[in-house]
Amino acid sequence: MALFKSSTRTIPAPSAVPRHIAMIMDGNGRWAKQRLLPRVAGHQRGVESVREMVKACRQLGVEYLTLFAFSSENWRRPSDEVSFLMQLFMKMLEREAVNLHKNNVRLKIIGDRSRFDELLVKYIEDAELLTANNDGLTLTIAANYGGRWDIMNAVQGLWKARPEMSGNFSEEDLEPYLSMHYAPEPDLFIRTGGEQRISNFILWQMAYTELYFTDTLWPAFDRAALDVAIQSYQNRERRFGRTSEQLTESKPDA
Ligand code: IPE
Ligand code: IPE
Ligand code: MG
């Protein structure tokens, strides 16, 4: 991919298809409520949208898809909903890992695993190991993830690894310790379900991400809805602090 240099950082050249899309999958409960179903039926149906997004991103040539499945704040929900979500996550890992592998998808799970059951941790590790060498789409699932947790975790990791620096580190020193160190920053962020907030999702790497909010509830978010979001992204001008005129003057490197 063509890149051009800013004074401080390498920034992505404008591209028709976002390289990295990050999504907050919101609105499952309301989707179910509208149909007089229990909330968990919305989570169940939401799995179909996950499948559809993975397929669409593979077809479109998106390189990284990151999905927020469970936030560090979601433990505050009723315990039966939390345990349903954990069971669903485990079932998905068990059933889908082989399919993802067949489709050359590399699966990554980010978030604090310390509160998960041992068995769930094992499923996570097995699925990551199975798909580790795939070089198609990288699918990241954020589970028990919080953007602030991630930054704190990175600071602690760097501090432990480089005590001699006594905290005198730069942004570039910290970045390898963030959980998504393997991915470029998200180009496009999509939140379904009508709320216009970040809810402690990826904070550090979304500094310059294009934000897109839709009222469509997650279980109803399909390929056509994704295409509309990408069209919106394609009409944005990503300036990264520059003026519009400077962008047209820049000549991307080969
Ligand atoms: C998102 O849907 C899924 C998770 C947070 C796990 P919600 O469950 O938040 O659905 P709404 O927002 O209540 O409709
Ligand atoms: C954000 O959704 C987290 C996930 C989709 C996993 P929430 O429904 O938990 O967000 P808030 O609480 O409305 O901000
Ligand atoms: Mg919600």
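Predicted model: local features only at pLDDT ≥ 70, side-chain atom pairs only at ≥ 80, totals over all residues.
Local features here need pLDDT of at least 70, side-chain atom pairs count only at pLDDT 80 or more, and totals for chains, interfaces and linings use all residues. Residues are numbered from 1 along each chain as its sequence is written, chains are lettered from A and ligands numbered from 1 in the order in which they are written, and side-chain values use heavy atoms, with hydrogens and water left out.

I begin with ligand 1. Its shell, meaning residues with a heavy atom within 4 Å, consists of M25, D26, G27, N28, G29, R30, R39, H43, A69, N74, R77 and L85. By class, 3 are nonpolar, 5 polar and 4 charged, with Gly counted among the polar residues. Helices are DSSP runs of H or I with at least four residues, and strands are runs of E with at least two; α1 contributes the most to this shell, with 3 residues.

Polar contacts are pairs of N or O atoms within 3.5 Å. A polar side-chain atom of D26 is 2.8 Å from an oxygen atom of ligand 1, and a polar backbone atom of G29 lies 2.9 Å from an oxygen atom of that ligand. Taken alone, ligand 1 exposes 380 Å², of which the protein buries 87%, by the Shrake-Rupley method with a 1.4 Å probe.

I turn to ligand 2. Strand β4, residues 64-71, gives the most to its shell, with 4 residues. For S199, a side-chain N or O atom is 2.6 Å from an oxygen atom of ligand 2. Alone, ligand 2 exposes 390 Å², and the protein buries 77% of that.

Methods: Polar contact = N/O pair within 3.5 Å; in protein donor to acceptor, adjacent residues only side chain to side chain.
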